[in-house]
Amino acid sequence: MAHPQVVIGVDSSTQSTKALAVDTGTGRVLGEGRAAHRVDSRHGQESDPEQWWDALNTAVAATGWADRAQALAIGGQQHGLVTLDAAGRPVRPALLWNDVRSAPQAAELVREFGAQWWAAELGSVPGASFTAAKWAWLRAHEPANADRTAAVRLPHDYLTERLTGHAVTDRGDASGTGWWTPDGPHPTVLARIGLDPALLPAVAPTGTPAGRARAGGPLRPGTPIATGTGDNMAAALGLGLTAGTPVLSLGTSGTVYTVARTRPADPTGTVAGFADALDNWLPLACTLNCTLAVDRIATLLGRDREAVEPGGAAVLLPYLDGERTPALPHASGLLHGLRHDTTAGQLLQAAYDGAAYSLLAALDDVLAVDRPAGSTGAAGTAGSADTPDPAQPLLLIGGGAQGPAWQHTVRRLSGRPVQLPAARELVALGAAAQAAALLTGEPADAVARRWGTAGGPVLPALERDDAALERIATTISQTAALQSGGR
């Protein structure tokens, strides 16, 4: 019996590293490994990149296929700022995507050039999460560390370089920096934030390898390593996502995205104009507070996360870490509309609603990127009647996707059917598809479609809860000044 051709896909996320050994012919997962990360939240949100490397070695070895894998790729958390000295060692802990200390720098960049300029030139209006804002923060608050920096990397770049010795990135993850364009890093942005382009990795052409594994890592020396990509781009690959199919991911953060053929350019900043890991685009809206925030509310209420109850008129905005969508980086959690007869279960359901609302409110904007000019559609309106193909199932993924309370909330607030892909660890699967593409010559998304990763049960649509949507929208509008933190 012939031995399977096996690749390893890695998901290096905020909290942990996951690795899957996958049969390239069938997509069957043959081995898995996992190792936790530590996040330092004392001052912001930081992690030591060295622990990512240790976790990568542990997780890949635990798959049982490290010495036999024929290729590997890494999907990594987006936006994080990794600064390395001349010897390749971290200058300081990496600033993670959800570190909002760079919010003033992001706001200043938007004020200086204007949101329209950013949307036209870069495709995205930078927020606190963008790497450009983080570098500007480092320049302002830790100039000595900025001066010591000899290389700037994203998390997945750092790990790929440790494996191969080559400083390369991909267009997907690079598009979340705030300086990437299809023609190279934007010189005006780099000059404004004081970043020398010589510190940046080269952007490898789509489908090309980053290099081969060196000795001292988890793989056999000479094993081909794909360029890897950002976690959202990897998940899109893992689903074999096609243009116009909507995805809602429920994790530490929440995201809603699709593949588009047109470059996004949203001056409101709601939709980030990311590139995908191939040759298309990945318009995406993101919230900072999702499953962990709702779980925290459940803990405060002393209830199981599934112990929700219908009814009531309370609105709970679980903005425990500030918020990205809407753009309220200094916000905190807010409860409005409490009554004598409000129950703890209703409050918990309100937390679910508050977390899901902004993602669903951005869904039409995300799907409108490829919509012909002049067509109708109420941008930013959750579950708008003009939403393209409202009967098309919304792919629900991420850690929260298997929770009945999350499923019901998304169906109730979107008015859409929901499909639950049976495949798990889609970021790692997408990375595995990227690695497999090096061997088979197929596009990575075609590999995933051949594996059937998006298949799964479809839950029928529910009648949209317009009253809840209106309550939440009104509360956000009326409390925006309070939530801005006086800035």
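Ser 249 stands opposite Ile 397 in strand S20. This pair belongs to a predicted model, in which local features need pLDDT of at least 70 and side-chain atom pairs count only at pLDDT 80 or more, while totals for chains, interfaces and linings use all residues. Residues are numbered from 1 along each chain as its sequence is written, and side-chain values use heavy atoms, with hydrogens and water left out. Helices (H or I, at least four residues) and strands (E, at least two) are DSSP runs numbered from the N terminus. The protein chain has 16 helices and 22 strands.

**The whole chain**

- The radius of gyration, taken over C-alpha atoms, is compared with a globule rule of 2.2 Å times the number of residues to the power 0.38. For 487 residues a compact globule would come near 23 Å, and the protein chain agrees with this at 22 Å.
- The C-alpha trace of the protein chain spans about 65 × 60 × 50 Å along its principal axes.
- Of the 487 residues in the protein chain, 58% are buried. Buried means under 20% relative accessible area, exposed means over 50%, and partly exposed lies in between (1.4 Å probe, protein chains only).
- A contact means heavy atoms within 4.5 Å. Among contacts in the protein chain with a separation of 6 or more, 72% are between residues 24 or more positions apart.
- The protein chain exposes about 18400 Å², and carbon and sulfur atoms supply 52% of this area. Accessible areas come from the Shrake-Rupley method with a 1.4 Å probe; for residues, only the protein chains shown count as cover.

**The seven-stranded sheet**

- In a sheet, strands pair through backbone hydrogen bonds, either parallel or antiparallel. Two strands are counted as paired if DSSP finds at least two bridges between them.
- An open sheet of 7 strands runs in the order S16-S17-S15-S14-S20-S21-S22, with mixed pairing. Its edge strands are S16 and S22 (458–459), each of which pairs on one side only.
- Strand S14 (residues 247–250) is joined to S15 (residues 254–257) by 4 bridges, and the two run antiparallel. A hairpin of 3 residues links S14 to S15, and Leu 250 stands opposite Gly 254 in S15.
- With S20 (residues 394–397), S14 runs parallel, and 3 bridges join the two.
- S20 is also joined to S21 (residues 418–419), by 2 bridges in the parallel sense. Here Leu 394 has Val 418 in S21 as its bridge partner.
- S16 (residues 272–275) pairs with S17 (residues 281–287) in the antiparallel sense over 4 bridges. The two form a hairpin with 5 residues between them, and Gly 273 stands opposite Pro 283 in S17.

**Side chains on the strands**

- In a regular strand the side chains alternate between the two faces of the sheet.
- On S14, Val 247 and Ser 249 point one way, Leu 248 and Leu 250 point the other way, and all are buried.
- On S16, Ala 272 and Phe 274 point one way, Gly 273 and Ala 275 point the other way, and all are buried.

- Helix H12 (residues 404–414) is largely enclosed by the rest of the structure, because 9 of its 11 residues are buried. Among these buried residues are Trp 406, Arg 411 and Arg 412.
- Gly 415 follows H12 and has a positive phi, near 70°.
- Ala 401 lies in the loop between S20 and H12. Ala 401 is buried, with a relative accessible area of 1%.
- Leaving aside neighbours within four places in sequence, Ala 401 is in contact with Leu 250, Leu 396, Gln 407 and Leu 420.

**Backbone exceptions**

- Most residues other than glycine have a negative phi, and most peptide bonds are trans.
- The peptide bond from Thr 325 to Pro 326 is cis, with omega near 0°. Pro 326 sits in the loop between strand S18 (315–317) and strand S19 (334–336).
- His 79 is not a glycine but has a positive phi of about 75°. His 79 lies in the loop between strand S5 (72–76) and strand S6 (82–84) and is buried, with a relative accessible area of 4%.
- Glu 425 also has a positive phi, near 55°. Glu 425 is in the loop between S21 and helix H13 (426–440) and is partly exposed, with a relative accessible area of 25%.
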